[in-house]
Amino acid sequence: MAPVQVGPAFCRGNAPAWITTLDRAYKSPGADCIALGQLHCRDGRAMLCAPVLTPVAAVMDKWKSALDLARSGESKYKILVQAIADDIEQGTLANDQRLPPQRQVADAMGISVQTVTNAYKELERQGLVRCEVGRGSFVSRRMSDRVATYILDSPERALVDFSITRILHTREHDQCWRDTCAELSTEEDQPWIHAFRPIAGFESHREAAAQWIGRQGLKVDRNDVLITNGAAHGIFLALASLAGPDDVVLCEGLTDHGVIGNSQVLGFTLKGLDTDRHGIDPEHFEDMCSNERITALVCTPNLNNPTTSLMPDTRRREIAEIARRFGVHIIEDDVYGPLLDERRAPPISHYLPELSFYCTSMTKSVLTGLRIGYLVVPKRLALRTESILRVNSWMATPMVSEIAARWIRDGRADSLLHLQRRLLAGRQAMVTEHMGEHVLAQHPHALNAWIGIPPHWEVDSLVRALRHKHIAVTSPDPFTVRGTPRPRAVRVCVGAECSDEEMRRALIGMREIFNQYPQIHDF
């Protein structure tokens, strides 16, 4: 194919030919293919030279081969996503190249249009494709992005990671850990390092757990408590005790991503409930219970992740009464409850002990690595849940449980908890100062803030723009239950491992991005 001349508008200024060579892609006349070559500027003119043809049909044949090799039960949607992503990463599909229409791909692959649509949406979420209304879907690994990443002479700065929910770690945390290790090293009798029974946990550990739970407003007997490997493990045990493929479980429309993952592992149907700044809407909960057979409700009344909603006592009583009337179990995730002060409302489980699982831990309040959870189980399900614990992990790690129990008894847990509240209040004040009217929801003792985005930004574009500025936030996607409208908001976790000054600079940079308009290719 001969070089194709294009107008001088493609050249930058009057730069000589030897410094203005750019990769370009264009549609070859009379052929269903893409010509990849180089755009050379010479004497105010430009031409594409040395093209390499990449037929669309050949690319789709490759995708179809990947689908044909799929094993029974494998997701066609995931296979298609991976095949297209591989072609983008390997350069088979050029930057800004238009992908085949979804209907054309569906017909060629022998799959549904919905499957292709889902694949394109996932690729867009991953930042590999951009979908433009009325134009189609395009590969989004643009030349401009590569120039900004590799050519601009700017020093690499450390990432300020607001995407991970964690507490603030201090020297006091390190000192408590070192002191405890020193104490343990001098003790001769340490049964927790060689025992693997009882399954529910040592009596002394369960007693300490009951004390910790009591401080959260729920009085329980130690025999009703199971020691688990963190709260996520406890929530899984509760769901596994109740729900299977034929069951419907409700939760907040925006919920912890672990609950969504559990629905995929255990096979139950997960449905989201309407919420407001106080949490679950009781009317919607009652309506769902009236029209469907609901097995359980998983909820986080205290500082929901990601919205930080805090349910008032009156609503907790209302939720408990509706659940009792319809025989719906409550699985209450109170992992953030310890961060609240003593004026907190009692857990929903306080009003519905016969139908409630209550779960809390120390990971999100006392020490990140202290992965121990406490699960209160309804008496009639105690044997069933303990048997699942035995099969699932036999018992929680006794050594970690021993350290947690000591800190509860000697006051170190409370001391670190009070420190955490003070530090979080300072970080949240910074968020308020710099993000101002963009803050949709926050709490002085919450680990994150829920930040609305300006109308001129799309969520994914904003997340990418912030990442280019070395600021990581989380989009709403991991928390959004199927059927719930996607919020125009991002989660900002204030426990980022950085100094207060680094956080302040990051928030100032974040506000600057919010005030700007996106690049033209992000509209």
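Student: Which strands form the open sheet of three, and in what order?

Tutor: Strands of a sheet pair through backbone hydrogen bonds, either parallel or antiparallel. Two strands count as paired if DSSP finds at least two bridges between them, and the strands themselves are DSSP runs (E, at least two residues; helices are H or I, at least four), numbered from the N terminus. Here the order is β17-β18-β20, with antiparallel pairing. The edge strands, each pairing on one side only, are β17 (439–441) and β20 (489–493). Before we go on, please note that this is a predicted model, in which local features need pLDDT of at least 70 and side-chain atom pairs count only at pLDDT 80 or more, while totals for chains, interfaces and linings use all residues. Residues are numbered from 1 along each chain as its sequence is written, and side-chain values use heavy atoms, with hydrogens and water left out.

Student: How many bridges join β18 to β20?

Tutor: Five bridges join β18 (residues 448–452) to β20; in β20, A489 is the bridge partner of G452. Helix α15 (residues 412–435) packs on this sheet, where it touches β17 and β18, and its direction makes about 15 degrees with that of β18. Contact here means heavy atoms within 4.5 Å. For such angles, axes are lines fitted to C-alpha atoms, for helices over the stretch in contact, and the values run from 0 to 180 degrees between N-to-C directions.

Student: What is the strand order in the open sheet of seven strands?

Tutor: That order is β8-β16-β15-β14-β13-β9-β10, and the pairing is mixed. The edges are β8 (225–228) and β10 (269–273), and the twist from one strand to the next averages 20 degrees. You can follow the mixed pairing strand by strand. β9 (residues 248–252) and β13 (residues 296–299) run parallel, joined by three bridges, with L250 partnered by L297 in β13. β14 (residues 329–333) pairs with β15 in the parallel sense over four bridges, and I330 has S356 as its partner in β15. β15 and β16 (residues 373–376), by contrast, run antiparallel, joined by four bridges; S361 is partnered by G373 in β16.

Student: Is strand β15 largely enclosed or open, and why?

Tutor: Buried means under 20% relative accessible area, exposed over 50%, and partly exposed in between (1.4 Å probe, protein chains only). Six of the six residues of β15 (residues 356–361) are buried, so this strand is largely enclosed by the rest of the structure. S356, Y358 and T360 point one way, while F357, C359 and S361 point the other way.

Student: Which residues does Q216 touch, beyond those up to four places away in sequence?

Tutor: Q216 touches D334, G337, P338, R344, P347 and Y358. Q216 lies in the loop between α7 (203–215) and β8, and is buried, with a relative accessible area of 2%.

Student: How do the axes of α10 and α11 cross?

Tutor: Angles under 35 degrees count as roughly parallel, over 145 as roughly antiparallel, 65 to 115 as roughly perpendicular and the rest as oblique. The axes of α10 (residues 282–291) and α11 (residues 313–326) come within 10 Å and cross at roughly 5 degrees, which makes α10 roughly parallel to α11. Residues making the contact include F285 and C289 of α10 and I319 and I322 of α11.
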